[in-house]
Amino acid sequence: MFHQIQSSLQRLVADHIQARYGVEINVALEEPADSRFGELALTVAFPLAKLLRKAPRAIAQELVTDLGALPGAAALEIAGGGYINIRLDRGAYGVSLQGEGGPAASQPGKIIVEHTNINPNKAAHIGHLRNAVLGDTFVRMLRASGNRVEVQNYIDNTGVQVADVVAGFHFLESKNLDEVAALASGDKFDYLCWDLYARVSQHFKDSPADEKTWRHETLHAIEEGRGDLARMGHIVADAIVGCHLRTMARLGIHYDVLPRESEILHLKFWAQAFELLKQREAIYLETEGTKKGCWVMAGSHYQEDAAEDDSKVIVRSNGIVTYVGKDIAYQLWKFGLLGRDFYYRPWPGAVEGHPVWASAADPQPGDAPGFGGGTTVYNVIDSRQSYLQDVVAAGLRALGYTNQADHSIHFSYEMVALSPRACAELGIELSDEDKGKGHVQVSGRKGLGVKADDLIDKLIASAMREVSDRHAGAPEVERREVASQIAIGALRYFMLKYTRNTVIAFDMQEALSFEGDTGPYVQYAAVRARRILREYEGRTGSLPDFGGLGAEAIGRHLADENLWQLALAVSKVDTAVARAVASGEPAHVAKYAFQLAQGFSRFYHDYPVIHEPDLEKRTFLLWMTDCFRRQLERVLDVLGIPVPAYM
RNA sequence: GGGGACGUAGCUCAGUUGGAUAGAGCAUCUGCCUUCUAAGCAGAGGGUCGCAGGUUCGAGUCCUGCCGUCCCUACCA
């Protein structure tokens with residue numbers, strides 16, 4: 001509600017200034033620092049003063065007189081050197097709160113969000129979790145704002161990382177296809193590969209010769225798509241993708257389509273993109289220097305003040321395309337610019353209840369929905385890859401797709417590192433070099449990291465102890481369900497409370513915390529709101545008819561400053577989501593959710609709703625409780641955090 | 001060397017296009033459970049917003065320099 005009033009008043013004032021003074025100016029309509037100044041404040045008199053060479057206070061006076069009565073506003077006041085403070089009509093505002101939370105107006109176009117993208121060769125770790133939670137929450141924010149969104153999870157099933165694990169099975173462990181297939185269909189195959197990958201990496205470090213020959217042979221076989229090694233690659237990658245989907249499903253994260261690199265190769269996406277890049281001279285064949293024989297993109301395309309010899313290799317001198325090259329082809333497909341498409345088949349390893357499509361190399365029976373062809377593309381990728389993302393966007397621009405390049409957005413975030421204490425708890429021995437640092441990078445090669453499933457299990461166990469303590473009589477299945485919802489709340493919130501460019505130094509104690517600025521705190525508020533309403537219904541049979549509360553009664557009760565501030569906080573879900581979408585910061589939604597929960601906790605403490613003797617006041621408080629409940633549920637849904645039956 | 005990010009309370013972090021007296025959680029200390037569950041509430045202490053200049057009615061926010069930390073700068077991804 002706040003969001004609607006804010007934007008309509010903003011438009012109104014801007015139009016007025018345009019008509020009255022003939023100037024186009026950015027009208028800032030902000031929330032005053034102190035609530036005593038009202039609900040909204042205009043600072044536009046200050047910049048206007050400069051333009052019109054007049055005192056700001058005089059202009060403010062003029063504006064207030066000319067604007068007269070604004071819809072929804074009860075009063076305009078001039079303060080300080082030229083602020084115009086706006087006080088809202090509390091009764092009308094309260095009534096309008098009843099209709100809050102309807103579906104947002106649908107936005108044009110289709111937004112593609114690519115996230116997760118974990119190499120399918122080992123278990124997911126906390127770094128991957130940050131990516132997926134950030135991506136999934138951003139998707140929820142966009143959908144809540146009326147956007148059509150397609151979620152893609154790119155599967156690099158033909159890369160070095162998968163090849164290394166295959167090499168491990170084949171060369172290091174001498175396992176044949178059937179043996180690997182048996183392991184792959186077993187439990188915790190991703191954990192098994194986690195260890196194997198670390199062992200292979202160590203072996204390669206010790207025996208660099210093996211690294212060259214084993215990796216080359218495996219990679220070659222996989223790219224050719226022939227023989228047992230290639231088959232083993234598919235078995236490993238497909239099984240691990242299944243593990244990843246199950247891990248993410250535990251947190252309520254799902255996907256629409258899994259584009260795989262194997263299809264990008266087999267359907268000649270790259271060949272097509274290569275032709276385009278050559279035709280439009282976005283890349284050229286290097287004829288001298290260290291990159292002789294490579295197809296490269298000139299540094300001037302993706303970097304300001306690029307040195308003459310700055311360039312990025314797109315095709316190696318041996319004819320093999322780099323990852324960036326493939327990514328350019330993939331990015332073109334996402335915008336529908338490639339002139340080719342995948343075939344699609346339902347992914348057999350999908351989580352029950354959440355079907356997902358995967359790319360296929362051959363025509364498939366049945367009707368698959370259309371994928372790709374987005375108007376805006378967000379790539380959720382950690383900030384270390386910003387250089388490569390710049391190259392990909394530069395590729396689009398160099399091909400003449402300026403608009404698409406501008407709508408190709410690197411949704412970057414900093415890594416999750418391990419705090420020294422976390423390392424100690426995990427029994428990880430640190431090198432002297434690492435000891436000196438504030439935190440240590442997660443490393444799949446070293447097997448250094450916290451596995452996502454382990455962390456989730458730990459959180460559930462911790463929540464379970466608390467739940468069992470409080471609800472000893474409840475059935476175990478039910479307690480387990482509640483504990484797992486609390487664990488999800490804690491984990492998702494923990495990953496979201498930091499802004500994207502903050503490095504998270506992962507600390508088990510902080511992640512396991514259920515108090516203060518945490519997910520469970522917000523869940524607890526929603527649970528308590530529901531409980532009051534349920535309790536009241538249980539005692540009296542039904543909730544009162546809130547429609548009977550007119551603007552007059554609501555306005556009278558909202559004259560109480562405490563209650564008014566709470567009602568105001570309740571009405572800002574859309575404001576918070578809109579701001580978070582505009583700034584690309586899911587943390588803003590988390591912050592708001594926490595503040596809303598704080599507001600409710602205060603309300604809960606200060607107003608014994610059910611015990612209120614006055615009938616009208618009681619009805620009003622129940623109405624407030626219901627407003628809180630509805631908005632807490634809405635904002636938690638955007639954060640992907642469930643509301644437990646009890647806590 | 002070049003490019004980028006960051007530096008705010010003891011710790012971990014917010015701070016919306018520059019706006020009114022710089023916030024939260026944790027930790028510490030003090031109160032509050034016969035009431036709709038205390039995973040909660042109320043209160044206290046704690047700050048030269050890295051340092052130095054500049055821009056202006058106004059700077060944690062913008063510009064310059066310096067100090068410090070981290071990331072990137074592959075014919076890996």
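Starting with the make-up of the surface near RNA strand B, its residues split into 29 nonpolar, 16 polar and 20 charged. Keep in mind that this is a predicted model.

In total, 65 residues surround RNA strand B, and the closest are Arg36, Arg316, Thr499, Arg531 and Met647.

| Protein residue | Part of RNA strand B | Distance |
|---|---|---|
| Asn85 side chain (N or O atom) | base nitrogen | 2.8 Å |
| Asp156 side chain (N or O atom) | sugar or linking oxygen | 3.0 Å |
| Arg470 side chain (polar atom) | phosphate oxygen | 2.4 Å |

As for where this surface comes from, the elements giving two or more residues to it are strand E4 (83-88) and helices H14 (386-398), H18 (452-470), H21 (519-540) and H25 (586-606). H25 supplies the largest share, at 8 residues.

Now for a pair of helices. The axes of H8 (residues 189-206) and H9 (residues 208-224) come within 5 Å and cross at roughly 120°, which makes H8 oblique to H9. On the H8 side, the contact is made by His203, Phe204, Lys205 and Asp206, while H9 brings Pro208, Asp210, Glu211, Trp214 and Arg215. Sorted by class, this contact of H8 with H9 has 3 nonpolar, 1 polar and 5 charged residues.

How values were computed: Residues numbered from 1 in each chain as written. Chains lettered and ligands numbered in written order. Predicted model: local features only at pLDDT ≥ 70, side-chain atom pairs only at ≥ 80, totals over all residues. Heavy atoms only, no water. Axes fitted to C-alpha atoms, helices over the stretch in contact; angles between N-to-C directions. Helix = DSSP H or I, 4+ residues; strand = E, 2+ residues; numbered from the N terminus. Parallel < 35°, antiparallel > 145°, perpendicular 65-115°, else oblique. Contact = heavy atoms within 4.5 Å. Nonpolar A, V, L, I, M, F, W, Y, C, P; charged D, E, K, R; others polar. Near = heavy atom within 4 Å. Polar contact = N/O pair within 3.5 Å; in protein donor to acceptor, adjacent residues only side chain to side chain.
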